[in-house]
Amino acid sequence: MARTVAKPKRSRRTLTTLVVLVLLSVSIITLSETGRASVLTSGVKSIASDIYSPLRSGVNGVLDPIGRFFAGAVHYGAVEQENEKLRAQIAALQGQRASTRAAQRQYSELQRLLQLDKLPALSSLTEVVAEVTSLTTSDFANTVTIDKGRNDGVSIGDPVVAAGGLAGQIVLSYHHVSTVRLLTDGQSKIGVTFGRGEEATLVGVAAGKPLQVDYVPAATPVSVGEVLTTSGLQGGAFPPGIPVARVTSVRTVVGAADKQITAEPIADLDGLSFVEALVWSGSS
Amino acid sequence: MTARVTIRTLVVVALALLVQSTVMLDIRVAGVSPDVMVVLPVAAGLVAGPVEGAAVGFVAGIAADLLLPTPFGLSALVGTLVGFSVGALTGEAVRYVRGFATLVALVASAASVMLYAVLGAVLGEAQFLRVDLGAVIVVVSVANALLAGPSVRVARWALVPPSEHVQAAGRR
């Protein structure tokens with residue numbers, strides 16, 4: 001009687017495939033996290049971004065109405081309320097000469113961006129104005145993509161400001177697009193000052209969650225509404241004096257060495273349209 | 001994998017990536033977007049078995065990681081493990097049990113999100129465990145459960161040769 005060997009061969013092939021793919025994935029992770037080899041993976045990402053970004057922009061123009069349809073279906077109640085409000089506003093605006101809401105908002109956003117240029121720390125820096133083209137595609141990172149990259153003078157580490165204050169930092173920069181890690185991302189840590197030169201660290205938690213202010217001794221006076229600005233320390237990651245966040249709550253736990261403080265970003269991170277990347281070479 | 005299967009798989013992954021970075025970003029529930037890149041290896045594993053599930057998971061993960069600021073290769077690792085596991089544990093049940101694909105997509109997507117968060121934390125991305133993981137798991141799982149049916153059909157088109165379609169029809 002002949003013995004069939006198909007099952008053991010298939011099991012070996014299955015296991016081999018799994019082992020090879022897992023090892024390949026682990027190798028890629030290891031390479032991308034090490035110094036030299038990360039240049040290679042960064043180059044691959046850059047090429048992919050150059051190919052994908054124009055394609056995505058084109059497709060987005062077609063698929064945008066579909067996305068908005070589903071978004072409206074998910075938030076139907078809120079959309080209805082907003083429609084009622086908008087109808088009332090449209091009725092009030094009739095007879096006036098006015099540009100569209102989107103154009104007005106963008107204009108005022110740009111105006112507020114220009115106001116930031118008057119800050120002493122920023123007046124000497126080169127700024128690159130960029131438009132936000134997309135939000136992050138991951139639920140585990142809070143980033144946005146902007147339409148300026150290395151070819152436009154934007155580099156990794158450059159601070160990014162939006163209307164009102166600091167928005168984040170460039171973490172990936174390709175030829176024509178860059179990725180901005182927002183203040184609210186869990187990896188964001190910014191040295192800040194407040195009051196009479198008190199120093200602290202502003203830590204992001206996650207999108208939609210308040211920022212945490214760490215390393216503030218219990219005896220330090222802090223009040224709700226106080227504005228936190230970049231300290232310029234932290235190895236010169238950010239120029240000093242940029243408004244970052246406003247304190248929203250202060251709690252002193254009996255026996256604890258530090259205060260528990262939360263803050264919210266001054267810049268409106270939910271409605272970013274235009275930002276400025278600051279060409280910043282650190283504390284040199 | 002034949003050339004036909006490879007090309008069709010790459011087309012499906014590319015289209016899924018486009019849909020994920022356009023339509024899906026507009027749909028946010030509790031601040032969380034669905035993730036269609038997670039359902040691809042699940043559908044591939046259900047339809048074609050563990051090898052194809054792992055391969056599609058790897059390719060889909062690499063494609064997703066090209067656009068993410070998170071560790072490059074992490075999505076590929078998770079996709080490989082999830083696709084393989086689904087293929088190895090489910091057999092042919094998707095053809096004969098109603099609602100099976102939906103249930104598997106629900107459970108596998110939840111496992112995929114948790115695995116991604118844990119492995120990411122192990123790799124130094126501690127903030128992965130500080131996001132609202134419950135909301136991410138629920139939104140991604142439910143969305144993928146709803147997409148399970150169409151995903152299985154697309155995976156069958158990409159991965160199963162026409163002759164096997166005929167054989168399956170004959171068996172029924």
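The structure is a predicted model, in which local features require a pLDDT of at least 70 and side-chain atom pairs are counted only at pLDDT 80 or more, while totals for chains, interfaces and linings use all residues. Residues are numbered from 1 along each chain as its sequence is written, and chains are lettered from A and ligands numbered from 1 in the order in which they are written. Helices (H or I, at least four residues) and strands (E, at least two) are DSSP runs numbered from the N terminus.

Helix α5(B) comprises 17 residues, 74-90, and spans 24 Å between its first and last C-alpha atoms, close to the 24 Å expected at 1.5 Å a residue, where the expected span is 1.5 Å times one less than the number of residues. Of the 17 residues of α5(B), 15 are buried; a residue is buried if 20 or more other C-beta atoms, placed from the backbone, lie within 10 Å of its own, exposed if 12 or fewer do, and partly exposed in between. Val78(B), which lies in this helix, counts as buried because 27 C-beta neighbours fall inside 10 Å. Beyond its neighbours within four places in sequence, Val78(B) is in contact with Gly61(B), Ser112(B), Leu115(B), Tyr116(B) and Leu119(B), contact meaning that the C-beta atoms of two residues, placed from the backbone, lie within 7 Å. By contrast, Gly49(B), which is 29 residues from Val78(B) in sequence, is 17 Å from it in space, C-alpha to C-alpha. In the loop between α4 (50-65) and α5 of chain B sits Leu68(B), which is partly exposed because 19 other C-beta atoms lie within 10 Å. The C-alpha atoms of Leu68(B) and Leu159(B) are 27 Å apart, with a separation of 91 residues along the chain.

Between the chains, 40 residues of chain B are in contact with 44 residues of chain A. On the chain B side, α1 (3-21), α2 (23-26), α4, α5 and α7 (100-122) each contribute at least two residues. This side of chain B consists of 26 nonpolar, 10 polar and 4 charged residues, where Ala, Val, Leu, Ile, Met, Phe, Trp, Tyr, Cys and Pro count as nonpolar, Asp, Glu, Lys and Arg as charged, and the others, Gly among them, as polar.

Chain A contains 5 helices and 12 strands, and 31% of its 284 residues count as buried. Among the contacts in chain A with a separation of 6 or more, 58% are between residues 24 or more positions apart. An automatic or database domain assignment supplies the domain bounds, dividing chain A into domain 1 (12-74) and domain 2 (104-282). The contact between these domains takes 5 residues from domain 1 and 4 residues from domain 2, and the domain 1 side has no nonpolar, 3 polar and 2 charged residues.

Two closed barrels were identified in chain A, with strands taken as paired if DSSP finds at least two bridges between them. One closed barrel has 6 strands with antiparallel pairing in the order β1-β2-β5-β4-β3-β12, and its neighbouring strands are turned by 45° against each other on average, direction ignored. Strand β12 (residues 274-279) is joined to β1 (residues 126-135) by 6 antiparallel bridges, with Val129(A) partnered by Glu276(A) and Glu127(A) opposite Leu278(A). Strand β3 (residues 159-162) is joined to β12(A) by 2 antiparallel bridges, and Val160(A) stands opposite Ala277(A).

The other closed barrel also has 6 strands with antiparallel pairing, in the order β6-β7-β8-β11-β10-β9, and the twist from one strand to the next averages 40°. Strands β6 (residues 189-194) and β7 (residues 198-203) of chain A pair over 6 antiparallel bridges, and in their hairpin, which has 3 residues between the strands, Gly195(A) takes a positive phi near 60°. Val192(A) has Ala200(A) of β7(A) as a bridge partner and Thr230(A) of β9(A) as another, β6(A) being paired with β9 (residues 227-230) over 2 antiparallel bridges.

Conventions. Axes are lines fitted to C-alpha atoms, for helices over the stretch in contact, and angles run from 0 to 180 degrees between N-to-C directions.
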